[in-house]
Amino acid sequence: MSDPLDALEHSISTLRRAIRDASAAGDSERAGELRAQLRRAERAWDALIDTGEPAPAPPPRTVPDTPPAAFGSQLPAREHVHRALMLLGTPAAPKLIVGVHEAFFPGELSASKLSSLRRDEARSYQSSPGARPYYLCSALAHDLLTPVRALLTISTWPLEQRIIGPLSPRVDFLTGAIRIAEAVHAAETSAGGEPSAAALRLLWRFAANIPEAMPSRTPERESVLDTQQVIDAARAELAVHLDADHAVRSEASRRARALDEAQQLFGAPPQNVTPLRARA
Amino acid sequence: MSMLSALAHVEAMQNMTAVRLTAFRHHRLSDRPLVIIPLTMAGEAGAPLAVMAGTARRDMTLLVVPQPRNRDQRFAFAADLGRVVMDYIDSYRQDRRGEGERSQYTDVPQIIVPNQGGVNALADLGRMCRFRSTTGPYAVPEVVPEFGMWLTFLVDTAEMAGTSMLLPLTALLTEHWATGQSTLEDQNLASLMAWIAPPRGVSIAQALEEAENPDVCPPAGPSTSPEFDNRDLAPAIKRFDTAHALGDPHTLAAAQTELTELIAGQVKPTWRLMWAAISILRSIPKAPQTARRLDRDCRLFTNHSDYRDAGGLPQRKRDTAISAARRLSQLERALADFEAAMAFDDPFVLADRRSGGEAFTGTVVESQPNRTAITAKNTTVPRPRVTVRTSDPLRLAAGTKLISPTMPKGHKAVIVSVLPDGDTTLVTVEVTAGMGRGRTPKAGSVPDLDKDIDYLPDPGWRPNPTFPDSDHTPWTHSADPDGPDDSAVPENAAAEEWGHDN
Amino acid sequence: MKPPVDGRLDALRGSSPRLSYNARSLAALENNPRCTLRALLDASGSDKAAIAAHIGYPSPFGQSSFAFARGNAFEAMVKDNGCAELLRVLRETLKLTLPEVAYLDLNEVGGAGDNDARHRRTTEVLLEAARGNGEGTLFDHPLLHLQVGGEGAFLEPDLVAFRIDGRFYIVEIKSFPIIDGQADPAQVRAATTQASAYIIALRALLAHHGMDTGAVSDTIVLVAPKDFTNRPTAAFVDARKQVAALTRQLSRIERVSDLVDLLPEDLTFDLDLDLTLPKKEQRPRRPAEELAAAVARVPATYRPDCLNHCEMAFHCRAHARAEASLDVLGPAVREQLGGIDTATMALGLARGQLTPTGDQSDMAAALRHAARLRDELTEAYGGAA
């Protein structure tokens, strides 16, 4: 055992076995201590290696990513969400709301902030109904009028706009595509402005899933989206679904008007759910 | 598997120790191999997590992707690793010998990974990098596509038997040793090494148990152990993300150091094990024809290098069915040549073939050294015949062309007849080459009476392959015409979906 | 309804609660179907992982949280924005027409997620679709139900697509990539086997209501990331073989009584948990040696690839090793030494210490020849490493 490196490697192996034994015995505290010891031993090994052939440690790589935005408006999250939903004009899931926000508006908004939003709004509504000019509330399932998973809407929208029938997810997607394309177009034509990279990416992701919305492939790698083409394509498909979707939504909204106001906003309570039946 | 190898595994199992399968090492080991241990993130192909690379046990670089889901970090990592690997490869693109067509480099790089999974990880990385553009909105550093094309080249050569430019260590070890465990378990480098060279003071049985315990022997990759992922790695990545979001350089540096240390702890045991294995492999004498195979490697390496120097396009995504079949036939050919060369060089391998009836050893019991024949061109040539008595279970038929490691170079023969004689077999062969230009065979070119002689099939003789119909291939095998890399679909288009936790 | 054998199966499991089948455990039936131990443990709903751990072979099967997160994130991404990405790929593969976009979320019913309600709703909407009165094209996480060995199991496909021509397709969303049109065959196989369980369950649903089971396609749609992107692509996978294989395995479970009849009367894999304690604190009270002895009384068919999927594999390997069974070395060696079960016998025949039986004589001759060659080499070059 002349090589100190060998000796160190031997004790590293011994430590690893001790960790295994401690874990097997369920002694996680001891295992944790041993892991710390192991890290020290490994550092010693590194040091020994370095003394052998001094090689400068590579500088820690700077992480290539956009720097966290330090600027931005101090608007509360609900204002950000409101603005994004107004732009879309359709019920939307938190991920899309954040996407729209990042594409078109300054300030920070994270999906995690949205998770409790609907509950907070409902609570605020209950404590003093109608005190706020708008509430962020639920989309309603067309059949049971219960809240739909994950989707957010605005209380000032007509009920029909907040109802989700079988065709509505697609209708809302196409409507959203049109609104996003219009917003991108507005940015393109505004004086001195141009759409953000995030806005173009968002539009691209919508357009890629609408027939005929993408420009035909050109030899050059980057194909440029034509906002009018996206709008036309989305409208063309929308025309196929719109009447059927509208019929379902308006029928459901008629029924929904029988609910009390809070239920109209935040959905009917779970129903039609019988207690667990004993299984055969 | 032959009867002899099967028996070797049974012996290994019974005696609880690895058993030798060859007399020689049939793959070249470079004096300065580049050892690479790739780690990937579970659940996502092509999401590299880290790599340890270096050309000596004491000289290694650890590269870590702190957030493997971030595509920008992925390509920054690919560029870093690409520089390490390209520096290494370029050091072999210096010395050339020969003129014109025959000019080639005199040595080739050698990358060693722990197991086949390591080769697959490099294949994925190569595919991910080689089509990347160095201009435009998602530009990557110049080295990235170059690195991708070289990796793809190396991975392609690794499929060809006998090449040595990219090797999984487990394959090198199992070529020389039989263990008392299954092929599946032999894929675990630590288990395999437990049979061959257990750690000092540890029995093979104990070492085997430890090899499967991720606390003692973290997996050699490319996947890390789920326990490690959940217990250590996930929280550390989360801390890194948080630090990154906060933007505080000190917290970020600390988080990065922690992550690097954690991963180092997982990869270093494999690093040490690999160099231990390499040093054991070095002690095995290399087979005589290894040099000839190096020459082929130099040829392949030079061709690709020149192609790269000429600015060649990246390798196609997929071969067409026909060219795939053609490549398959090349690979089969290389395998046959390699197997024959191993048997020619190595009595262990020859014995292996003998036990399967594909080669034989026996004693010359009858000889007609002066027999001649008249060729179609009406010239008389020596065609001596000898009869060999063998107790091997021969399965070769009349007409099989043969070579012999016990005869001088150039000796060739063909089986004339095979006749069972009690427990033994009498094989009559006609010598067809290696006798010089004269009308009588030169001295020593015909086996003498009572001489012990080995014969095995000449791989030079193979039927022409017939290629499968290119139609009706299932989708897993079908090949579309090779277009550009989906030019309308930038891979980063959905990048933000994956940036950070949400 | 219960066949009498169920009493015996319950006794085999003992006091522990029955583990019900899910798509994953059903798919696992296809691996090593001839193993009696596995068949009995599964059919009795015993907790293999707990049993293996108690007798000293804790199973190393854990899933990395990364793989889990990646799988969920990919599925969510495919279904985001009204299944925008999914519709694109299904329009390509299934040739869905433009109007076929209706989406029904069966993850919950009216805000509640209990299984029976979800299963009732699933039944209702799928039957309506099958009768041609429905409006759904995409059924997100329907909850199917299948009787397996007299026990019910709930099965939840990622998605069922219903085409206007009256055909149902199981859609499996997986996060392993399809790179240049090729995916890892092992992963495709596992996904297909899992989907086969859904096909069988959906057909059972139709059959139960007197409808044509042919409406369920035995081709599945695999949706997976394309190359190294997050964008999904889709491919058809023919599941006919695996549907047939799984159907066969399911009928074997129905016939598990044949196996049970061969067992000693008093045999049980009972862990004897203290069920009054909270689940996390329950520890087996049965002596480990006793349980190990019970397990050892049932024949297992060990193969090295069991190590990839069966919780009992490490126990079985230890047993195979102790018996010097050639199973330890895997199929390549086994096939070469057909008809010989143990290392002891192989070496005995090779060294001429054992007299071969009639049908072993050829094998014995080959072994003796191989041993002679090895001896010569060992003499010339030295033996072990």
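Predicted model: local features only at pLDDT ≥ 70, side-chain atom pairs only at ≥ 80, totals over all residues.
**Chain A, element order.** I read the elements of chain A from the N terminus and got α-α-α-α-α-α-β-β-α-β-α-α-α-α. That comes to 11 helices and three strands for chain A.

**Chain A, burial and contacts.** I looked up how much of chain A is buried: 35% of its 280 residues. Then I checked sequence range. Taking the contacts in chain A between residues at least 6 apart in sequence, I find that 60% join residues at least 24 apart.

**Where chain C touches chain A.** Chain C puts in 28 residues and chain A puts in 26 residues. On the chain C side, I listed the elements that give two or more residues: helix 5 (65-93), strand 1 (103-105) and helix 6 (115-131) of chain C. Helix 5 of chain C has the largest share of that side, with eight residues. I also sorted the chain C side by class, and it has 13 nonpolar, seven polar and eight charged residues.

**Chain C, domains.** I went to the domain assignment for chain C. It gives domain 1 as 5-62 + 257-322, domain 2 as 65-250 and domain 3 as 329-381. I looked up the spacing of domain 1 of chain C and domain 3 of chain C, and their C-alpha centres lie 35 Å apart.

**A helix pair in chain B.** How do helix 7 and helix 8 of chain B pack? I have helix 7 (residues 189-196) and helix 8 (residues 204-211) of chain B at an angle of about 175°, with axes 8 Å apart. Angles over 145 degrees count as roughly antiparallel, so helix 7 and helix 8 of chain B are roughly antiparallel to each other.

**Nonpolar cores.** Which residues touch the most other members of the largest nonpolar core? I found B:Leu7, C:Ala346 and C:Leu367, out of 182 residues in that core. Helix 10 (residues 249-282) of chain B supplies the largest share of this core, 11 residues. Leaving aside its neighbours within four places in sequence, B:Leu7 is in contact with C:Ala350, C:Leu367, C:Ala370, C:Ala371 and C:Arg374. I also noted a second, separate core of 124 residues, with A:Val184, A:Ala268, C:Tyr21 and C:Val148 among them.

Methods: Residues numbered from 1 in each chain as written. Chains lettered and ligands numbered in written order. Contact = placed C-beta atoms within 7 Å. Helix = DSSP H or I, 4+ residues; strand = E, 2+ residues; numbered from the N terminus. Nonpolar A, V, L, I, M, F, W, Y, C, P; charged D, E, K, R; others polar. Axes fitted to C-alpha atoms, helices over the stretch in contact; angles between N-to-C directions. Parallel < 35°, antiparallel > 145°, perpendicular 65-115°, else oblique. Core = buried A, V, L, I, M, F, W, Y, C linked by C-beta atoms within 7 Å. Buried ≥ 20, exposed ≤ 12 C-beta atoms within 10 Å, placed from the backbone. Domains from an automatic or database assignment.
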